[in-house]
Amino acid sequence: METLKKEETKTNKQTPIKISGAEAIIHCLLAEGANLVYGYPGGAIMPIYDELYKFQDKLTHILTRHEQGATHAAQGYARVTGDVGVAMATSGPGATNLVTGLADAQIDSTPMVCITGQVTRHLLGSDAFQETDIIGISTPVTKWNYQITRAEEIPEIMAKAFYIARSGRPGPVLVDITKNAQFEELDFFYEPCKKVRSYNPVPKPNKKAIEAAAELINSAKKPYIVFGQGVILGKAEEQLKSVVEKAGIPAAWTILGLSAMDTDHPLNVGMVGMHGNYGPNLLTNECDVLIAIGMRFDDRVTGDLDTYAKQAKVIHFDIDPAEIDKNVKTDVAVLGNARETLDLLLPLLNENRHEAWHNEFKKKYEIEFDAVIKNDIHPTKEGLTMGEVMEEINIASENKAVIVSDVGQHQMFACRYAKFKQTKSNITSGGLGTMGFALPAAIGAKMGAMDREVVAIIGDGGYQMTIQELGTIFQNKTPVKIVVLNNDHLGMVRQWQELFFDSRYASTVMVNPDFVKIAEGYHIKSTRVKERKDLKAAVEEMMASKDAFFLEVCVEKEDNVFPMIPSGASVSDVRLK
Amino acid sequence: MEKEWFTISVYSENNVGLLNRISGIFLKRHINIESLNVSKSEIEGVSKFTIVVFTTPEWTRKIVGQIEKQIEVIKAFYHTDEETIYQESALFKIASDLLFDERQIQNIIKESNSQIVTVSRDFFVLAKSGRKEEIDEMHDLLEPYGIMQFVRSGRIAVSKTEMPISSILNGYYDYSK
């Protein structure tokens, strides 16, 4: 896997070289440090694939089994490395298959560049074979997009694409390239983009706002931090820890903030949100100063906005001005990169401990432990629980694994019970809730962190949405660990049907195939666990495997995830059962 | 919050696709664009969108935030009617015989401050600039005689206060204000 290491391209800055547009794309990718791309070939992108063939010693192309898989793999890679993930597809159906991944990356602020082939320039707008208006289609789900129709546009647009994808609040960019632009020659000269005049990616921190924030925090009796992925994207993990420790503030993470702090840090009080922890949700409505850092007050976090933290002064640290006052009205807005703003905040904070306040969280944790956690991770009933599987994975991986979760009940169990010691270790589809995300994302995550264990936690429903990516794992011998928590149901929808639709299980029962046989068909080592006595050994065998491994755990069919804030209810109404 | 008329002024790069991106922001929030005008601005190479909406100040602020977020948008502003000087233009195509047969039409032309752009054997064209209400009023007066074609432009507006695009482009603008 040496090819995965970053390599500088050897372009001569003084004298432009005459090359084809397709070759120029390769040089641009290498110049941006992107030497791993995911994709799927087709007619309109063949010139670029021809160059990929010639440059395979410098640039690795991973053939996924579906273009959606390419986007999620690129996302997984981006999330684990912090670099830009790259996916490629042909025009028409290849391009439209990227849309889910683009939307996922857009809502979860993941840096990604997608390159699509397009019909040749003179055929544009003629309903040519495999022509689709991917610029029009992808506009609402991209940070930026552009259609290249002339080869000479390539260097500048590719530089801009990478710059926009990774700067400020990151996001996906799509570059559509007509076939003629791939064939045509240009005088190639590459210069990385450093500035776009109409784009201000990182607002300058305002000193007065930071002073106002510090004043509020210093005078607070019950300050409470809720942090999100902005901490990870801004590389502000150390700054967050310093602030939390100095001011003695209990801190909760959003689903995308997971792993930005050690799980076991004494001031980490757990997760907010619909299936977050009891205390962090309930005490949102008891704190006097709510400090939101790099999070966007998603409705799954706030529940009913009219009853959300109304008693508290709200301080919002964010890089994106459009997030300020979007959902929750703030008293102090601090714009900027969290690393920079928290660095400026730290010296202004008084040392504090807030012990009585922190004890409130401990008490609430005890209530949640007795009512929920105990039964989830140390069950006494016969059926296996998703929580105990997560606990075994924690033990076997010593909390060091990258956990990639899909969407549904298993995702909530994974995010509630997985323990983290290192940042960028939680990869999940938070905003879009894309079933089928985890298997391909785990491929990208593993290729981005070959020295780490990557464990995909997937339900039996989501698994079958992108199950074909087992072929990618087999072909590339990607040593990911795949855990399917099989309850023969679309568990989360079934839970809602049980609670809110009088147990009318409309289309949520799954008659599943033999998943172990399917994995075996791809020559992936696999095993199935049906009883508790076999769980530990199976998890250990999986974690010890040098190769990819598939583990199916047949769990209780009708378990529910709790705590739960019913949709539209207040965080104060968080239910334990 | 009460709905009001707002004029949103968007200064942007002149790029294909930006109109689609901006209109999508309104579409996503189910807010109707009452009028739209795109033209060059006072700064060379910078386009100006003038968009009129009828919605709450809260929604207008959020929409403007989302518009500004688009890469090719330099800056967006929003103003109430009182904060802007604004105009619309309209063209009326009317049968030529009316110009000679109906005395009242000549009075309408005179009193409305409109101009005759062209007269041919079959029709003549009236141009009228002004506020929406003035154009509506003229339309109502002419309608009984028969209007062959009518069209009104989107609003164009300038703000009473400064929109400091040059200082933004030159990097002097303080975003924290």
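Among contacts in chain B between residues at least 6 apart in sequence, those joining residues at least 24 apart make up 76%. The model is predicted. Of the 177 residues in chain B, 27% are buried.

**Chain B: overall form**
- Taken along the principal axes, the box filled by the C-alpha atoms of chain B is roughly 65 × 40 × 30 Å.

**Chain B: domains**
- Chain B has a domain 1, formed by 4-85 + 156-169, and a domain 2, formed by 87-152.
- A distance of 31 Å separates the C-alpha centres of domain 1 of chain B and domain 2 of chain B.

**Chain A: an annotated span**
- An unreviewed UniProt entry gives residues 20-135 of chain A the annotation "domain: Thiamine pyrophosphate enzyme N-terminal TPP-binding".
- This span, residues 20-135 of chain A, is 43% helix and 18% strand, and its end C-alpha atoms lie 23 Å apart.

**Nonpolar cores**
- In soluble globular proteins, nonpolar side chains tend to be buried together.
- The largest nonpolar core comprises 188 residues, and A:Ala87, A:Val113, A:Val404, A:Ala456 and A:Val483 have the most contacts inside it.
- Neighbours within four places in sequence aside, the contacts of A:Val113 are A:Val84, A:Val86, A:Ala161, A:Phe162, A:Ala165, A:Val173 and A:Val175.
- Another core, of 19 residues, lies apart from the largest one and includes B:Phe26, B:Ile63, B:Ala76 and B:Phe77.

Terms used:
Residues are numbered from 1 along each chain as its sequence is written. Chains are lettered from A and ligands numbered from 1 in the order in which they are written. This is a predicted model: local features need pLDDT of at least 70, side-chain atom pairs count only at pLDDT 80 or more; totals for chains, interfaces and linings use all residues. Domain bounds come from an automatic or database domain assignment. UniProt positions are given in the numbering used here, feature names are shortened, and annotations may be inferred rather than shown by experiment. Helices (H or I, at least four residues) and strands (E, at least two) are DSSP runs, numbered from the N terminus. A residue is buried if 20 or more other C-beta atoms lie within 10 Å of its own, exposed if 12 or fewer, and partly exposed in between; C-beta atoms are placed from the backbone. Two residues are in contact if their C-beta atoms, placed from the backbone, lie within 7 Å. A nonpolar core is a set of buried Ala, Val, Leu, Ile, Met, Phe, Trp, Tyr and Cys residues joined through C-beta atoms within 7 Å.
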